[in-house]
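This explanation goes through one protein model step by step. It begins with the confidence of the prediction and then turns to the fold, single residues and the surface.

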Amino acid sequence: MEKTLHLAGGGKVTLSGALERKAYAPGEMIAVEVIIANGTDVPIQPQVALYQVQIFAPHNQLARSLDARISEPASTTSPVLAGETAAQIVQLILPTNACVSLRCPMITIKYLVHISTTLDIPHSVDRLNVD
């Protein structure tokens, strides 16, 4: 997954992330590859967190979902300096008590790896996210 944020000052940030595979078992380490092309004039420190999404869809009713962060955000090893591109690996662990399957036609459970960064630009709240 990849997203790009164009800034008013002419710079842009491209953030992408990849996992080595699609499925993990509870207790396994998840290696997230984070690639950032920093076209701004400020350093950027990405963070990675694991979210659980519970989707409840009763018969003939609208689905409702509940998102919960199940890991503390983990930062990459070092910030990506202005004008640089870097690839870094961030390790997350899928909790041992994570529910990975459920025998219920009304409830679906999904897990998302959320990569984000807040750009440290004065008077700005620009945020770039990749799920």
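For the chain, the mean pLDDT is 79, and 82% of the residues reach 70 or more.

This is a predicted model, in which local features need pLDDT of at least 70 and side-chain atom pairs count only at pLDDT 80 or more, while totals for chains, interfaces and linings use all residues. Residues are numbered from 1 along each chain as its sequence is written, and side-chain values use heavy atoms, with hydrogens and water left out.

The chain has 0 helices and 9 strands. Helices (H or I, at least four residues) and strands (E, at least two) are DSSP runs, numbered from the N terminus. Along the sequence the pattern reads β-β-β-β-β-β-β-β-β. Among the contacts with a separation of 6 or more, 61% are between residues 24 or more positions apart. The chain has 131 residues, and 33% of them count as buried; buried means under 20% relative accessible area, exposed over 50%, and partly exposed in between (1.4 Å probe, protein chains only).

Gln52 is a residue to look at in strand S4, which covers residues 47-56. Is Gln52 buried or exposed? Its relative accessible area is 12%, so Gln52 is buried. The side chain of Gln52 makes a polar contact of 2.8 Å with the side chain of Gln54. Another polar contact, of 2.9 Å, joins the side chains of Gln52 and Tyr111. A polar contact is a pair of N or O atoms within 3.5 Å; within protein, one must be able to donate a hydrogen and the other to accept it, and residues adjacent in sequence count only if both atoms are side-chain atoms. Beyond its neighbours within four places in sequence, Gln52 is in contact with Leu66, Asp67, Ala68, Ile70, Ile109, Lys110 and Tyr111.

Ala87 belongs to strand S7 (residues 85-93). Ala87 counts as exposed because its relative accessible area is 54%. Apart from neighbours within four places in sequence, Ala87 is in contact with Glu33, Val34 and Ile35. From Ala87 to Leu15 there are 72 residues in sequence and 10.0 Å in space, C-alpha to C-alpha.

Next come the charged side chains. A salt bridge is a side-chain nitrogen of Lys or Arg within 4 Å of a carboxyl oxygen of Asp or Glu, and the count comes to 2 salt bridges. Glu20 pairs with Arg21, the closest N and O atoms being 3.7 Å apart. Arg21 also forms a salt bridge with Glu28, where the closest N and O atoms are 2.5 Å apart. Glu20 is exposed at 58% relative accessibility, Arg21 is partly exposed at 35%, and Glu28 is partly exposed at 29%.

The accessible surface of the chain comes to about 8200 Å², and 54% of it belongs to carbon and sulfur atoms. Accessible areas come from the Shrake-Rupley method with a 1.4 Å probe; for residues, only the protein chains shown count as cover. On the surface, Leu102, Met106 and Ile107 form a nonpolar patch with about 230 Å² of accessible area together. Patches are made of residues with over 30% relative accessible area and no salt bridge, with like charges joined within 9 Å and nonpolar side chains (Val, Leu, Ile, Met, Phe, Trp, Tyr) within 5 Å. Ile107 is found in strand S8 (residues 107-118), and with a relative accessible area of 31% Ile107 is partly exposed.

Technical notes
pLDDT is the predictor's confidence in each residue, from 0 to 100. Contact means heavy atoms within 4.5 Å.
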